[in-house]
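Subject: Structure for you to look at

Hi,

Here is the structure I promised to send over. Please open it alongside this message, and then read on for what turned up.

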Amino acid sequence: MMTSVDTELIRVLADPLRLQIVTLLARETLCTTHLVEETGARQTNLSNHLRVLREAGVVETEPCGRFTYYKLRPDVIAQLADQFAALAATARTAAENKRACP
């Protein structure tokens with residue numbers, strides 16, 4: 001059984017600021033202003049990272065007056081966790097497999 005992990009999603013989450021954003025959004029729904037305060041990032045930089053997270057399907061937006069709130073899509077994170085769990089299970093069952101050198 002071949003197990004694959006969503007490499008695009010890993011690439012998206014590998015950026016330290018994006019991972020920090022995801023961690024913050026796991027706790028509560030926040031607007032850009034809150035995220036600027038929490039991360040110390042510039043608004044334009046933060047907006048670019050939020051766009052990447054939105055396009056990857058990790059976060060979704062919720063308009064509220066003149067603000068846009070962001071919330072984490074936990075199903076996407078859970079799906080990635082399931083992929084890693086399946087990869088670990090495959091590694092456990094294959095631990096004794098060793099290919100002979102030519």
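Let me start with a pair of charged side chains: K71 makes a salt bridge with E62, and their closest N and O atoms lie 3.8 Å apart. Please keep in mind throughout that this is a predicted model.

A second bridge joins the side chains of R73 and D75, at 3.1 Å from N to O. R73 counts as partly exposed at 27% relative accessibility, and D75 falls in that class at 46%. Through shared partners, salt bridges link E60, E62, K71, R73 and D75 into one network.

The structure holds 6 salt bridges. Another one of them pairs R51 with E55, where the closest N and O atoms are 3.5 Å apart. These two residues sit 4 residues apart in helix α4 (residues 43–55), so about one helical turn separates them. R51 is partly exposed, with a relative accessible area of 34%, whereas E55 is exposed, at 61%. The cut-off for exposed is over 50%, which is why the two carry separate labels.

Now to the sheet. It is an open one, built from 3 strands in the order β1-β3-β2, with antiparallel pairing. β1 (30–31) and β2 (59–64) are at the edges; each has a single partner strand, so one side of each is left without a neighbour in the sheet.

Looking at the pairings one by one:

- β1 and β3 run antiparallel and are joined over 2 bridges; C31 stands opposite Y69 in β3.
- β2 and β3 are also antiparallel, paired over 6 bridges; T61 has Y70 in β3 as its bridge partner.
- β2 and β3 form a hairpin with 2 residues between them, and G65 in the turn has a positive phi of about 65°.

Which residues touch the most other members of the largest nonpolar core? They are L13, I21, L25, L35, L53, V58 and V59, out of 22 residues in that core. The elements giving two or more residues to the core are α1 (7–14), α2 (16–27), α4, β3 (67–72) and α5 (74–93). α2 provides the largest share, with 5 residues.

Setting aside neighbours within four places in sequence, L25 is in contact with L30, L35, V59, Y70 and L72. Two of these names also came up above: Y70 is the bridge partner of T61, and V59 is listed with L25 among the core residues that touch the most other members.

I10, F84 and L87 make a nonpolar surface patch of about 230 Å². I10 is found in helix α1, and at 32% relative accessibility I10 counts as partly exposed.

How values were computed:
Residues are numbered from 1 along each chain as its sequence is written. This is a predicted model: local features need pLDDT of at least 70, side-chain atom pairs count only at pLDDT 80 or more; totals for chains, interfaces and linings use all residues. Side-chain values use heavy atoms; hydrogens and water are left out. A salt bridge is a side-chain nitrogen of Lys or Arg within 4 Å of a carboxyl oxygen of Asp or Glu. Buried means under 20% relative accessible area, exposed over 50%, partly exposed in between (1.4 Å probe, protein chains only). A nonpolar core is a set of buried Ala, Val, Leu, Ile, Met, Phe, Trp, Tyr and Cys residues joined through side-chain atoms within 4.5 Å. Contact means heavy atoms within 4.5 Å. Patches are made of residues with over 30% relative accessible area and no salt bridge: like charges are joined within 9 Å, nonpolar side chains (Val, Leu, Ile, Met, Phe, Trp, Tyr) within 5 Å. Accessible areas come from the Shrake-Rupley method with a 1.4 Å probe; for residues, only the protein chains shown count as cover. Two strands pair if DSSP finds at least two bridges between them.
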